[in-house]
Amino acid sequence: MDKPRALGPGTTLGMLGGGQLGRMFGLAARRCGYRLVTYGDPADSPCGQISDAGFPQSFTDWDALREFATAVSVVTWEQENIPVETVEFLRERVPVYPSVQLLRASQHRLLEKTAMRTLGIPTADFLRITSVAELQSGLVAFGGAGILKTVTLGYDGKGQAKLSAHDDLAGVWQRFRVSEAILERIVDFDFELSIVCSRFADGSCHFFEPSLNEHVNHILDVSLAPALRISAQQAAEAREMARTILEHFDVYGVLCVELFVDRAGRLLVNEIAPRPHNSGHLTIEACGSSQFEQQFRAVAGLSSGDVSMRSPAAMINLLGDHLGGGTAERWSEVFAIPGLFVHMYGKREARVGRKMGHLTVLADSSEEAARIGLAARARLFGAG
Ligand code: AMP
């Protein structure tokens, strides 16, 4: 893939997708004087709200895509469910980063895990499943239990089922309504971590401090960095895996590698996000250059910023389920907490499980930051 060429302030950046990741990218880029055009979501989407212009059309509206390509100098994305053919079409007209090969792999769990295997990067054991019989024998091979996942369009635990060989497998397979799925061995993990990293036109790779992630109902709840539980050796291993992935996929931009740490302390890659990640939001306040600033710097062919941490930090997600009693008085109390930063994404409708915003807290340790952030969320949205 061609390297990004240097684009200075005043240039227009194109964003595929209008969610909160595009919004935070746009806010970082606008601070430095770049313009932003969003494609694929309505004007009042989180990213549309802060864009100079938007194309609400679908990802297969070729006329609109052609017009979008002429309106921007470079294109990137904020979510991975963009059709590869859309990216290929745009690439004939305007540079698109971080990497179409990475997009293809991250859209398909089997391709992704097979690529990791080829690169010598450990993952959970997995099998391709195309029938109930294969599901049955796969579960037996994994000791009687496993997690069945759709190969495409799964995120935040959607399109997944934890199964045992005694379950009604025919019924489960019918509900999945797919011709192909992946069965994974259940990893008895000690904890989950992720590492956000970036690669630039000069080939240099840059790594944020890995964060420790706690999920509730398969959705990220809290991230901490740096985290006491992550050893220096594990952090170094995570960086080496991330570097291998960045170089293999010839990435110019940002990606996130999500990992399990098993009971023996070994790292296994679970998933790659070809973009900034929820677990990297704390870099906005905690680092000299955030994951979003790294993204626009990389795709605009600039140099890297300083990704080291200026303070320990924690990020607490605010989901639709949390938003209830958040009165203005309670918000006011939370805004008054020293070291706490409020981010809301401008979404009008609060649904269960929907990411509405987050809090980042800087403190003397990330564990202390998490305590302050969780207490603030409880104050905002708890009863009483
Ligand atoms: P995913 O959609 O693959 O990112 O999975 C969402 C969450 O489900 C992960 O962050 C884990 O908490 C859990 N999970 C997914 N795959 C496995 C696995 N093979 N073993 C244990 N837990 C898993």
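These are my notebook entries on a predicted model.

**Ground rules**

I number residues from 1 along each chain as its sequence is written, and my side-chain values use heavy atoms, with hydrogens and water left out. Because the model is predicted, I need pLDDT of at least 70 for local features and count side-chain atom pairs only at pLDDT 80 or more, while totals for chains, interfaces and linings use all residues.

**Entry 1: domains**

I looked up the division of the protein first. I find domain 1 (12-96), domain 2 (125-184) and domain 3 (189-381). Such bounds come from an automatic or database domain assignment. I then took the C-alpha centres of domain 2 and domain 3, which lie 30 Å apart.

**Entry 2: the ligand shell**

How many residues surround the ligand? I count 16, and the closest are Lys 149, Gln 160, Val 187, Glu 192 and Glu 271. A residue is near a molecule or strand if one of its heavy atoms lies within 4 Å of it. I sorted the shell by type and got 5 nonpolar, 5 polar and 6 charged residues. In this sorting, Ala, Val, Leu, Ile, Met, Phe, Trp, Tyr, Cys and Pro are nonpolar, Asp, Glu, Lys and Arg are charged, and the others, Gly among them, are polar. Domain 2 and domain 3 each give at least three residues to the shell.

**Entry 3: polar atoms at the ligand**

I checked polar contacts next (N or O pairs within 3.5 Å; within protein, one atom must be able to donate a hydrogen and the other to accept it, and residues adjacent in sequence count only if both atoms are side-chain atoms). Gln 160 has a side-chain N or O atom 2.7 Å from a ligand oxygen. Arg 109 places a polar side-chain atom 3.0 Å from an oxygen atom of the ligand. Val 187 uses its backbone: a polar atom there is 2.9 Å from a ligand nitrogen. On its own the ligand has 480 Å² of accessible area, and the protein covers 93% of it. I used the Shrake-Rupley method with a 1.4 Å probe; for residues, only the protein chains shown count as cover. I also asked which elements give two or more residues to the shell. They are β6 (145-150), β9 (189-199) and β14 (267-273). Elements are DSSP runs numbered from the N terminus: helices are H or I with at least four residues, strands are E with at least two.

**Entry 4: the antiparallel sheet**

I traced an open sheet of 4 strands in the order β5-β8-β6-β7, paired antiparallel. Two strands pair if DSSP finds at least two bridges between them. β5 (126-129) and β7 (160-164) are the edge strands, each pairing on one side only. Neighbouring strands are turned by 25° against each other on average, direction ignored. For such angles, axes are lines fitted to C-alpha atoms, for helices over the stretch in contact, and values run from 0 to 180 degrees between N-to-C directions. I count 5 bridges between β6 and β7. Leu 148 stands opposite Ala 161 in β7.

**Entry 5: the parallel sheet**

Another open sheet has 4 strands in parallel, ordered β3-β2-β1-β4. β3 (53-55) and β4 (74-77) each have a single partner strand, so one side of each is left without a neighbour in the sheet. The twist averages 25° from one strand to the next. Strand β1 (residues 12-16) joins β4 through 4 bridges. Leu 16 stands opposite Trp 77 in β4.

**Entry 6: backbone checks**

Most residues other than glycine have a negative phi, and most peptide bonds are trans. I noted the exceptions below.

- Tyr 97 to Pro 98 is a cis peptide bond, with omega near 20°. Pro 98 is in the loop between α3 (84-91) and α4 (100-106).
- Ala 225 to Pro 226 is cis, with omega near -15°. Pro 226 is in the loop between β12 (219-225) and α8 (232-248).
- Arg 177 is not a glycine, yet has a positive phi of about 50°. Arg 177 is in the loop between α7 (169-176) and β8 (181-184).
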